[in-house]
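Here are my notes for a colleague who is new to reading structures. Please keep the sequence and the view open while going through the points.

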Amino acid sequence: MTRSSALLTDHYELTMLQAALAAGTADRRAVFELFPRRLPEGRRYGVVAGVDRALDAIEAFRFDDEVLAVLREGGVVDEPTLEWLAAYRFSGDVWGYAEGEVYLPHSPLMVVESTFAEAVLLETVLLSIYNHDSAIASAASRMTLVAGDRPCIEMGSRRTHEEAAVAAARAAYVAGFASSSNLAARQRHGVPTAGTSAHSFTLLHDSEADAFRAQVDSLGRGTTLLVDTYDVAEAVRLGVEVAGDELGAVRIDSGDLGVLAHQVRAQLDSLGATGTRIVVTSDLDEFAIASLANAPVDAYGVGTQLVTGSGHPTCGFVYKLVAREGADGRLAPVAKKSHDKVSVGGRKYALRRRTPGGVAEAEVVGIGQAPTDDGDDRALLVPLVRDGEVVGREPLAAARDRHTAARAELPLAAQQMSRGEPCIPTRIEG
């Protein structure tokens, strides 16, 4: 049985519901929009991730007896509201950017249309999923961009909450990471996993040579040996002695990775292990990966910096009411007018304006109607939920392929790791 997602929310979502039910306004048609006001400081673009997880959360948003008991015992809402919640099923429509898509400031990443009561309850759980997963995917995209053809391995599970680790592995895979160390991500999402040994395995044995023999005997000559427990050069020599020139790879986890990679490559080649790869780890981020571009490194293992968004652990997405049913029965735009948190009212549509050569040149957001496609453009909103039924679920591989294509159409400015403005402007029409 799927566990309910209904309590993954804030208390005030339910008190707003109670008051709206009492006032007779809960059933008004409403449009909510999940969007970023800006990109994290210095970033050129962002990446949408967590879409399928959000769809799972919408499906599982049910107030069963166990959930209702928590609300009743805590006096969170009154009995009429509890009765309404017992029958809750989201019956509206949801459109959004597909998973893996690139986003810019004010991109309408998700548009939720239903009654106010149905839609407002989803705010917290949708923001929680999108803000986390998109932050990880955005960081991962920058890392895989600078890594080029060299694979990146996600290995940050021990640096974050255990459930966040699974979501992070999935989001990183969407943005181009080749594999993860997290087995739950393999089980739940089909993310490929990889791993060999840690320093504790070497320290367990009486000698480094004994540890290497044990690993090679068990995992084969194609395994990856960790070579920086004691002396790197001696470990490389022992590794080739034990596994021969068929040794799969060596991993360096400390020191000046660029210098060591050159030294280790030269040593491996001199020992005849020309096919042995070099994997580097140790608090890598996109800047460290970029600095190793000219080093003989074959793969990168990334942990802490990835699962913390490389300095931006959230995207700052918001979920705002942008239109509601008026006295005439028609949807009317609404928006808050706070000085530094201005929203734009009205239901949104979006397309990626592109040159005849297919290079993105603007994010165009239309209010009330879709922007005009000049023939080279690409519509961005796809149906995710229709009449309460999920219609937008897709294989993870599709999201991964989409990200590769979406990133490839961005202008060259997107590849710059230095701080700067978004790589293309956002234009609001209507």
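1. How are α3 and α4 oriented to each other, roughly parallel or roughly antiparallel? In this predicted model, the axis of helix α3 (residues 65-73) comes within 11 Å of the axis of helix α4 (residues 79-86), and the two cross at roughly 165°. Angles over 145 degrees count as roughly antiparallel, and α3 and α4 are therefore roughly antiparallel to each other. Their crossing is right-handed.

2. The residues behind this pairing can be found in the view, where Leu68, Leu71 and Arg72 of α3 meet Glu79, Leu82, Leu85 and Ala86 of α4. Sorted by class, the residues of this contact are 5 nonpolar and 2 charged, with no polar residue among them.

3. Helix α4 also packs with helix α1 (residues 11-23), and here the axes come within 10 Å and cross at roughly 105°. An angle of 65 to 115 degrees counts as roughly perpendicular, and this description therefore applies to α1 and α4. On the α1 side the contact holds Leu14, Leu17, Gln18 and Leu21, which meet Thr81, Trp84 and Leu85 in α4. This contact has 5 nonpolar and 2 polar residues, but no charged ones.

4. Arg170, Tyr173 and Val174 in α7 meet Leu396, Ala399, Arg400 and His403 in α15, and by class the contact has 4 nonpolar, 1 polar and 2 charged residues.

5. Turning to the strands, 6 of them form an open sheet in the order β7-β6-β11-β10-β9-β8, with parallel pairing. At the edges stand β7 (179-180) and β8 (224-226), each with a single partner strand, so one side of each has no neighbour in the sheet. Within this sheet, β10 (residues 277-280) and β11 (residues 299-302) pair in the parallel sense over 2 bridges, and Val279 has Ala299 in β11 as its bridge partner.

6. Another open sheet has 4 strands in the order β16-β14-β15-β19, and its pairing is mixed. Its edges are β16 (378-379) and β19 (426-429), and each of these has a single partner strand, so one side of each is left without a neighbour in the sheet. Strand β14 (residues 348-354) and β16 run antiparallel and are joined by 2 bridges, with Ala379 in β16 as the bridge partner of Leu351.

7. Domain 1 is given as 11-133 + 313-347 + 381-429, and domain 2 as 196-297. The centres of domain 1 and domain 2, taken over C-alpha atoms, are separated by 45 Å.

Conventions. Residues numbered from 1 in each chain as written. Predicted model: local features only at pLDDT ≥ 70, side-chain atom pairs only at ≥ 80, totals over all residues. Heavy atoms only, no water. Pairing = 2+ DSSP bridges. Domains from an automatic or database assignment. Axes fitted to C-alpha atoms, helices over the stretch in contact; angles between N-to-C directions. Parallel < 35°, antiparallel > 145°, perpendicular 65-115°, else oblique. Left-handed = near helix turned anticlockwise from the far one by under 90°. Contact = heavy atoms within 4.5 Å. Nonpolar A, V, L, I, M, F, W, Y, C, P; charged D, E, K, R; others polar.
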